[in-house]
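I opened a new page for this structure. My plan was to look up a few things and write each one down.

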Amino acid sequence: MRVLLVHPADFPDPARRPPLLPPNQAPPLGLAYIAAFLRQSGHDVAIVDLKHSPQDRPELQASIAAFAPDVLGMGLYTVTVPVAEEIADLCRAAAPSCFVVVGGPHPAGAPEDCARNPHFDAAAVGEGEVMMLDLLVALEAGGGADRLAAVPGLWLCRDPRDASSELLKAPPRGWIDDLDSLPWPARDLLPPLDSYAMTMFQYREWPATTIYTSRGCPYSCIFCERREILGNKFRVHGPGHVVDEIEHLQAEYGIREIFFYDDTFTLDHRRVMQICEEILRRGVKISWNISTHVNTVDRELLHAMRKAGCWQIAYGIETGDPRVMQDIMKGTDVSTVRERITWTTDAGIEAKGLFMIGHPTDTPESIDRTIEFARSLPIASANFKITTPFVGTPLRDMAADYGELAADDYRNYMGDPTQAVFVANGLTHEYLMGVQRRAYYRFYSRPGRLLRLARSMAGGRNVSKWVDGARIMTRLARHQAFGPEGGVLPRFLEFEH
Ligand code: B12
Ligand code: SF4
């Protein structure tokens, strides 16, 4: 069958001001994994990454018509639901018999919402590789609501265009245990990897790209949707497979830096030690950085990681207030955070702090504590996100009891303080906007940190990073002087992940 996988993003809007920074793009690895798996079974697959390569409506409709897909699969975020509805309609106009299925973060948290959406034929809950293959087999056998509803993980309405018709829920799909049985993501179906913009804080060497070496997270942070998306059972690619993938990326794409996008890369200490040993044993020269939870690192591991090329760890810290830390069930405490970050910098690795503002039990005082805690830590960089209650999270269920939840417009799920979806009792939109700016100014007002920021912009041996840095500084200066918002530093520093 002919399968078109689309990573939706807003259509180009000439009236909208270009962002200060190119948005973090990062290849859609989930779609690339699905594509590789389907291709292995003989299906004809293409990927359109609209986040990377925007197309306007007529252009997209023409490319869909040219490919003539039997199935359109889209990976949906909450914020991309409205545009995905438009894409589904364009697809029907171009290829009327095409079956439209949506999967990824939003359907994982809100399966009924997506299954009842008359723009889509079905919603997929869980990992897409085997599920899509099962779906293609069911469609090849003639489709029909009952046959499709036997595909584990699939939700649909008996009449897909009638939201009030019977909702059919297939049994849940189990998680893929043996990740090494999956082929590498079909990066060859994506635009060239070195044309993907990453934020300059995510790499030291260029070209850089992302790898996902584990799935699932056993922690229970109330704001996080990861468990709905990939489960709470931690599953991994083996060390040999990970280093093979690094070597493959070096050989095929000239990659010199890897960002391990795993949620908790260091959860399995032994595996990470083995990855480091394998990198050294094979003499692989690669610069890399990761994200993880503070509890999962120790001194030995950090030293081994440094030796194998790791230069930065982004830690989800979320708050500096001990009470809020408990309320959000982060599974750690502020003294452990400080200890592990000190160990990290002692090992010669830079630490980055990921914080959130506007937790349900946040107050102006607890937010001040977060800002001061961030300032006091030996971290080189930080970001301060506005808390967003995604559907499917415990936070979403409790949000209305703790503040004002304006949840209806999915376009607002960008974490932008001007359109905050959730404002905790005692806070306001204006306060959130002001305090986020203050957080950035306070954090970066230390000369050492400003210097580090300037160093990030300077590219070392990377000419493209120098060019980017210069362009951004020019834009910053222009906006700072003439822009309507005044302080644009926060917007500039609010990298995406
Ligand atoms: C990498 C990443 C990005 C990248 C790449 C996006 C991509 N599509 O891969 C970039 C930087 C572009 C990005 C941007 C944003 N992101 Co992001 N991102 C992630 C991150 C860290 C990892 C995703 C990943 O690669 N996973 C690994 C692969 C293997 O898994 P997967 O993508 O989930 O895919 C599997 C299944 O979900 C499923 N599946 C996925 N798609 C489909 C489609 C079909 C048809 C089927 C059947 C199955 C299926 O099968 C796949 C393989 O098993 C996640 C966190 C997380 N762990 O999920 C956040 C996350 C997905 N992002 C999030 C958000 C909010 C955003 C932004 C809105 C941030 C912002 N403020 O700008 C933007 C919006 C993007 C846009 N399109 O406009 C949220 C989404 C929550 C939600 N419900 O909306 C997450 C969950 C982080 C969070 N806050 O908790 N992101
Ligand atoms: S540790 Fe990270 S990935 Fe795991 S539940 Fe918490 S925020 Fe989500």
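**Entry 1: domains.** I noted first that this is a predicted model. I looked up how the protein is divided and found domain 1 (2-168) and domain 2 (198-492). I then checked the distance between their C-alpha centres, which is 28 Å.

**Entry 2: the sheet.** I listed the strands of one open sheet and got 7, in the order S2-S1-S3-S4-S5-S6-S7, with mixed pairing. At the edges I found strand S2 (44-49) and strand S7 (167-169), each of which pairs on one side only. From one strand to the next, the twist averages 20°.

I went through some of the pairs. Strand S3 (residues 71-75) and strand S4 (residues 99-103) run parallel and are joined by 5 bridges. I picked Leu72 and found that its bridge partner in S4 is Val100. Strand S5 (residues 122-124) pairs with S6 over 2 bridges, in the antiparallel sense. Here I found Ala123 with Trp155 as its bridge partner in S6. S6 also runs antiparallel to S7, and 3 bridges join them. In that pair, Leu156 stands opposite Leu168 in S7.

I also looked for a helix packed on these strands. Helix H3 (residues 81-94) lies across strand S1 (2-7), S3 and S4, and runs at about 170° to S3.

**Entry 3: strand S6.** Which way do the side chains of strand S6 (residues 154-157) point? I found Leu154 and Leu156 pointing one way, and Trp155 and Cys157 the other way. I had a rule to set beside this: in a regular strand the side chains alternate between the two faces of the sheet. I also checked burial, and all four of these S6 residues are buried.

**Entry 4: the core.** I looked up the largest nonpolar core and counted 134 residues in it. The residues with the most contacts inside this core are Ala122 and Leu154. Helix H1 (residues 29-40) gives the most to the core, 7 residues. I checked the domains as well: the core draws at least three residues from each of domain 1 (2-168) and domain 2 (198-492). For background I wrote down that nonpolar side chains tend to be buried together in soluble globular proteins.

Which residues does Ala122 touch, not counting residues up to four places away in sequence? I found Val101, Ala115, Leu148, Leu154, Trp155 and Leu156.

**Entry 5: ligand 1.** How many residues surround ligand 1? I got 46, and the closest are Gly30, Gly73, Gly75, Gly103 and Gly128. I then sorted the shell by element. H1, S3, S4, helix H4 (105-109), helix H6 (128-140) and helix H8 (226-230) each supply at least two residues. H1 has the largest share of this shell, with 5 residues.

**Entry 6: Asp263.** I found Asp263 in the loop between strand S11 (257-260) and helix H10 (269-281). Is Asp263 buried or exposed? I put it down as buried because 21 other C-beta atoms lie within 10 Å, and the cut-off for buried is 20 or more. Not counting residues up to four places away in sequence, Asp263 touches Cys217, Arg226 and Ser291. Last, I checked Asp263 against Tyr431: they are 168 residues apart in sequence and 30 Å apart in space, C-alpha to C-alpha.

Conventions. Residues are numbered from 1 along each chain as its sequence is written. Chains are lettered from A and ligands numbered from 1 in the order in which they are written. This is a predicted model: local features need pLDDT of at least 70, side-chain atom pairs count only at pLDDT 80 or more; totals for chains, interfaces and linings use all residues. A nonpolar core is a set of buried Ala, Val, Leu, Ile, Met, Phe, Trp, Tyr and Cys residues joined through C-beta atoms within 7 Å. A residue is buried if 20 or more other C-beta atoms lie within 10 Å of its own, exposed if 12 or fewer, and partly exposed in between; C-beta atoms are placed from the backbone. Helices (H or I, at least four residues) and strands (E, at least two) are DSSP runs, numbered from the N terminus. Domain bounds come from an automatic or database domain assignment. Two residues are in contact if their C-beta atoms, placed from the backbone, lie within 7 Å. Two strands pair if DSSP finds at least two bridges between them. Axes are lines fitted to C-alpha atoms, for helices over the stretch in contact, and angles run from 0 to 180 degrees between N-to-C directions. A residue is near a molecule or strand if its C-beta atom, placed from the backbone, lies within 6 Å of it.
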